[in-house]
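Student: I would like to work through this entry with you. Could we take the charged side chains, then the overall fold?

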There are 2 protein chains.
Amino acid sequence: MKAVGIIVEYNPFHNGHLHHAQQARAESGADLVIAVMSGQFLQRGEPAFVDKWTRTQMALDAGIDLVIELPYVYATAQASDFAKGGVALLDAMGCESFCFGSEQGQITPFLNSLQLLTEHAAEYQAFIHEAIQTGISYPKSLNNAYLALTDGQAGFADLTQPNNILGFHYLEAAQRLGSSIKPLTIQRIGANFHDPLTVGLPIASATGIREAFFKGTSVEELSTYMPESSISSLKMAEKEYGKFGSWEHFYPLLRFTILREGPENLKQYAEVTEGIENLIFQSAKTADNFENFMSLVKSKRYTRTRIQRMLTHIYTGFTWQMLHSFQLPSYIRLLGMSKTGKSFLNHKKKNISLPLISRAADLNDLMGKLDIHATTMYLQGIESVQLKKEFTTPPIYRG
Amino acid sequence: MKAVGIIVEYNPFHNGHLHHAQQARAESGADLVIAVMSGQFLQRGEPAFVDKWTRTQMALDAGIDLVIELPYVYATAQASDFAKGGVALLDAMGCESFCFGSEQGQITPFLNSLQLLTEHAAEYQAFIHEAIQTGISYPKSLNNAYLALTDGQAGFADLTQPNNILGFHYLEAAQRLGSSIKPLTIQRIGANFHDPLTVGLPIASATGIREAFFKGTSVEELSTYMPESSISSLKMAEKEYGKFGSWEHFYPLLRFTILREGPENLKQYAEVTEGIENLIFQSAKTADNFENFMSLVKSKRYTRTRIQRMLTHIYTGFTWQMLHSFQLPSYIRLLGMSKTGKSFLNHKKKNISLPLISRAADLNDLMGKLDIHATTMYLQGIESVQLKKEFTTPPIYRG
């Protein structure tokens, strides 16, 4: 049995995700698709629109065979750590290949870029350092350094595109791991891009879908952009929780936490650097809602995503010290499986190089306890009373 | 001008408080009454029923001449530290006497008890230590030790009564300060006690009044037990905030904080001792409201008051380290004054031995910043949007 891996958030699952999963299977010729999926908090530094169990259901119903949780420490990290966690888990699962969507659409430019940066690592770092000194954001600095290095030559990946950047980090992570996992990419289809493969499948971004919902579009009306099964799952979640996750809903607890901690304590949380703790504290004093708060905290030095990641870590109490205590994933948390996925686990168990965890009670190291903690913090934010859900929800099975 | 001091909470102000203030004036023969009053959190470890400004209004309208804030660090502390802060402030204000309500009603038994315990300090400590070893609460241990020492002899204060205990701590604090302030006491009149002085003044305890309100009694209906002016102030506060302070209202934020911090971090907060952090954490996981939470946390080792003080400090983020960094008050925060009070301040300014602070902006040491912080935390709990109130409210003047 050959497996192809994908790294996903499904926040929420939509037609573009369906296309990605189908293409990953087709391109790789694999017998099953394994998705490493973020948990309750996401890479953009946001609480998930809907909990990880609902998103697991969506994935299984759309044909994913195994859903593995990307631990909090990677799921909420900057691109390189996000990629490291994801690729390490796919590698540990014994995937022969992994497949990501990119604006580039071809794998060769990525391989060229990786080789270039590997061979000119010191030069690249010097360029980055120089760019950061001018006061621009880290992602922009990376990009400037890359442009300086490629110097207009053809054949390299365009690393100004967000999915290309992430894809590049996947390749880099695989290289650093010394993994033999084979990278594949498919052309990403977005809201403004018409791909012949998607006739009859209107695509909207997950961000667009969430924004539409929070502006008053009903779950029902979102069905143009999402599989019917995903709509059913969303409706069930809406019935259970009465609300979907967003910083607006989480803001009263975030604000209280910021005001309670004060600037001195805020510095200890992961990604909070260089005096921004005062700005965060002062802004929380004034701002009655999250958008106002963000408009006060934003600066050209930090992207919105970076600031939101700081806020996520403040909200959950995740410190620099914790962040620095992790290297590679220590377990594989199984969130869901299809019949094929179950069969894969039965046949390949011996090839899986990390402990396979089906019950939260078996998560007994700090990395695992943080995933349980993230669920507690998430459920508090959406005012759920089902705080034990992490322990009472077994892996979801779609036979 | 002669001043008598009283140490109060006014949570809320009622007829018993009115009686106390009037008797203090009469017994002392003073020209004015100075009240040192707790701020937003109280000695029983609870958020105030109504904010300190409203309670200051009530005090002034009922004839108090100066209202001084008892800093958070003393207001939320065990009896001996509460007494130390209060008496030190009255002493610093230049009061000639202070007057407390007691079940005892006479000062001589207190003086006798103080002398006894001073002369047998080592023996007393040994008795306390012995009692604590049996697993009973600290207040109960104190009491057992005291009973062992007095051994049934007459002429000593009955330190099984709550107001006698507090009164004893006041005398002890004055002695330790080396203050020449003269102690006075009046017979405390309670809900079940009819005193000839209070004909026409029905008395209910502040606890009773709060409980009646939270069980559905309207502010209007409470007017039997409170001066008309206090009722007016309560009504204004009700209009402004829409709610009164109680742990039930504060519980969602308290619970989130407990769950976010986890047992290891909880240990750092003042009064949290000896493994109770696990019980607090586990109880917060389960309990959806404060009463359920308390029923899970209560034990014979700790009084409800003691546990509530731990919760107050967890809620505000007040640590053991902070607690241990304070000795005596470093400022006098003026909350309100009558015409007589203002005149006293003008004439006696040079006799006041601590900086007199009228504006929060002038509070610049840790003790003062904690008072500002306590207000922020309090206003978050009652969901007020007026977070700047600490800075925009000048001392209240009733001319």
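**Salt bridges and fold**

Tutor: This is a predicted model. In it, a network of salt bridges links A:K52, A:E69, A:R333 and A:E390.

Student: Which residue forms a salt bridge with A:K52, and how far apart are the closest N and O atoms?

Tutor: A salt bridge needs a side-chain nitrogen of Lys or Arg within 4 Å of a carboxyl oxygen of Asp or Glu. A:K52 meets that rule with A:E69, at 2.8 Å.

Student: Which parts of chain A does that pair tie together, and how many residues apart in sequence are they?

Tutor: The bridge runs from A:K52 to A:E69. A:K52 lies in helix α2, residues 52-61, and A:E69 in strand β3, residues 66-70. The pair therefore ties together a helix and a strand, at a sequence separation of 17 residues.

Student: Is A:K52 buried or exposed? And A:E69?

Tutor: Buried means under 20% relative accessible area. A:K52 has 0%, so A:K52 is buried. A:E69 has 2%, so A:E69 is also buried.

Student: Which salt bridge does A:R333 make?

Tutor: The side chain of A:R333 meets that of A:E390, N to O at 2.7 Å. A:R333 lies in strand β6 and A:E390 in helix α18, so the pair ties together parts 57 residues apart in sequence. A:R333 is buried at 1% relative accessibility.

Student: Turn to chain B. How many residues apart in sequence are the parts that B:E240 and B:K389 tie together?

Tutor: B:E240 and B:K389 form a salt bridge, with the closest N and O atoms 2.7 Å apart. B:E240 lies in helix α10, residues 228-241, and B:K389 in helix α18, residues 389-392. The parts are therefore separated in sequence by 149 residues.

Student: Is B:E240 buried or partly exposed? And B:K389?

Tutor: The cut-off for buried is under 20% relative accessible area. B:K389 has 14%, so B:K389 is buried. B:E240 has 42%, so B:E240 is partly exposed.

Student: What radius of gyration does chain A have, and what would a compact globule have?

Tutor: Chain A holds 18 helices and eight strands. Its C-alpha atoms fill a box of roughly 55 × 55 × 45 Å along the principal axes. A compact globule of 399 residues would have a radius of gyration near 21 Å; chain A agrees, at 21 Å.

Student: What share of the residues in chain A is buried?

Tutor: Buried again means under 20% relative accessible area. Of the 399 residues in chain A, the buried share is 58%.

Notes
Residues are numbered from 1 along each chain as its sequence is written. Chains are lettered from A and ligands numbered from 1 in the order in which they are written. This is a predicted model: local features need pLDDT of at least 70, side-chain atom pairs count only at pLDDT 80 or more; totals for chains, interfaces and linings use all residues. Side-chain values use heavy atoms; hydrogens and water are left out. Helices (H or I, at least four residues) and strands (E, at least two) are DSSP runs, numbered from the N terminus. The radius of gyration is taken over C-alpha atoms; the globule rule is 2.2 Å times the number of residues to the power 0.38. Buried means under 20% relative accessible area, exposed over 50%, partly exposed in between (1.4 Å probe, protein chains only).
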